[in-house]
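This report concerns one protein structure, shown below. It is intended to be read alongside the sequence and the coordinates.

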Amino acid sequence: MTIAINQNEEELEQCLFDALMELMRTMPLDKLTVNDILKQAHVSRSSFYRRYQNKYDLVNKSYQKILDKTLFTFLDGCGWHDSVKALYQIFEENLFFFQNALRSHDPNSLRHYIFEISLNLYTETLKRNGEDVADWHTMAMLRVHIYGNLELMCEWVEKGMDRSIDEMIQLSCDTLPQRFKAYFND
């Protein structure tokens with residue numbers, strides 16, 4: 001796909017992401033270069049760098065859009081289970097992409113981005129429910145839960161999602177500290 005002069009931002013972003021997805025079918029994310037993406041997408045370097053800092057930023061911002069349509073619906077009143085399930089269904093539909101992206105341990109990687117985004121989501125939920133998020137113990141419990149679940153989720157995705165989505169969501173709920181469970185009920 002060649003980028004037309006009058007192509008809008010959303011189309012350009014989608015073109016870049018499509019190029020990234022196509023390249024990741026045959027090459028690990030950590031081995032890809034921005035030049036590879038630009039060549040595949042037929043996009044100029046300046047168009048890329050006006051929007052993204054690097055290839056990981058492209059992945060993370062694309063993931064952010066997925067979150068807005070899935071997991072973050074929880075903040076608008078959708079049930080926790082349904083929000084997480086919608087996200088995991090996107091993982092299932094794009095398994096090769098997420099397997100590849102989650103293998104990276106780069107400091108800018110999706111894996112690290114998911115941890116930060118999850119920490120923010122859980123913290124916001126706790127704040128909304130009157131929890132003291134300045135309390136070290138509260139935040140330590142939260143970080144342990146998120147980190148543990150993130151590692152299990154990455155392992156699950158890398159193994160081809162060998163357990164059901166509902167089973168993984170239940171495991172996450174089962175390992176949530178008891179005092180937080182009421183905030184993440186459906």
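This is a predicted model: local features need pLDDT of at least 70, side-chain atom pairs count only at pLDDT 80 or more; totals for chains, interfaces and linings use all residues.

## Packing of helix 7 against helix 8

Helix 7 spans residues 110-128 and helix 8 spans residues 136-158; their axes come within 10 Å and cross at roughly 135°. Helix 7 is therefore oblique to helix 8, since an angle over 145 degrees would be needed to count as roughly antiparallel. The crossing of helix 7 with helix 8 is right-handed.

On the helix 7 side, the contact is formed by Arg111, Ile114, Phe115, Ser118, Leu119, Tyr122, Thr123 and Leu126. Helix 8 contributes Thr138, Met139, Leu142, Arg143, His145, Ile146, Tyr147, Leu150, Glu151, Met153, Cys154 and Glu158. Sorted by class, the residues of this contact comprise 12 nonpolar, 4 polar and 4 charged.

## The largest cavity

The model contains 1 cavity of 30 Å³ or more. The space in the largest cavity amounts to about 290 Å³. Its lining consists of 20 residues, and those closest to the centre are Tyr88, Ser118, Tyr122, Asn149 and Ser172. Ser118 and Tyr122, named here in the lining, also belong to the helix 7 side of the contact with helix 8.

At least two lining residues come from each of helix 4 (55-69), helix 5 (80-93), helix 7, helix 8 and helix 9 (165-175). Helix 8 gives the most, with 6 residues. In terms of class, the lining of the largest cavity has 16 nonpolar and 4 polar residues, and no charged residues.

## The largest pocket

The largest pocket holds about 400 Å³ of space. It is lined by 14 residues, with Gln14, Phe17, Ser62, Lys65 and Lys69 nearest its centre.

Helix 1 (9-24) and helix 4 each supply at least two residues of this lining, and helix 1 gives the most, with 6 residues. By class, the lining of the largest pocket has 7 charged, 5 nonpolar and 2 polar residues, whereas the lining of the largest cavity has no charged residues.

Terms used: Residues are numbered from 1 along each chain as its sequence is written. Side-chain values use heavy atoms; hydrogens and water are left out. Axes are lines fitted to C-alpha atoms, for helices over the stretch in contact, and angles run from 0 to 180 degrees between N-to-C directions. Helices (H or I, at least four residues) and strands (E, at least two) are DSSP runs, numbered from the N terminus. Angles under 35 degrees count as roughly parallel, over 145 as roughly antiparallel, 65 to 115 as roughly perpendicular and the rest as oblique. A crossing is left-handed if the near helix is turned anticlockwise from the far one by less than a right angle, and right-handed if clockwise. Contact means heavy atoms within 4.5 Å. Ala, Val, Leu, Ile, Met, Phe, Trp, Tyr, Cys and Pro count as nonpolar, Asp, Glu, Lys and Arg as charged, and the others, Gly among them, as polar. On a 1 Å grid over the protein atoms alone, a cavity is a set of points where a 1.4 Å probe fits but cannot get out, and a pocket is an open set with protein on both sides within 12 Å along at least five of seven lines; lining residues have an atom within 4 Å of a point. Grid points are joined across faces, edges and corners, and a volume is the space filled by probe spheres set on the points.
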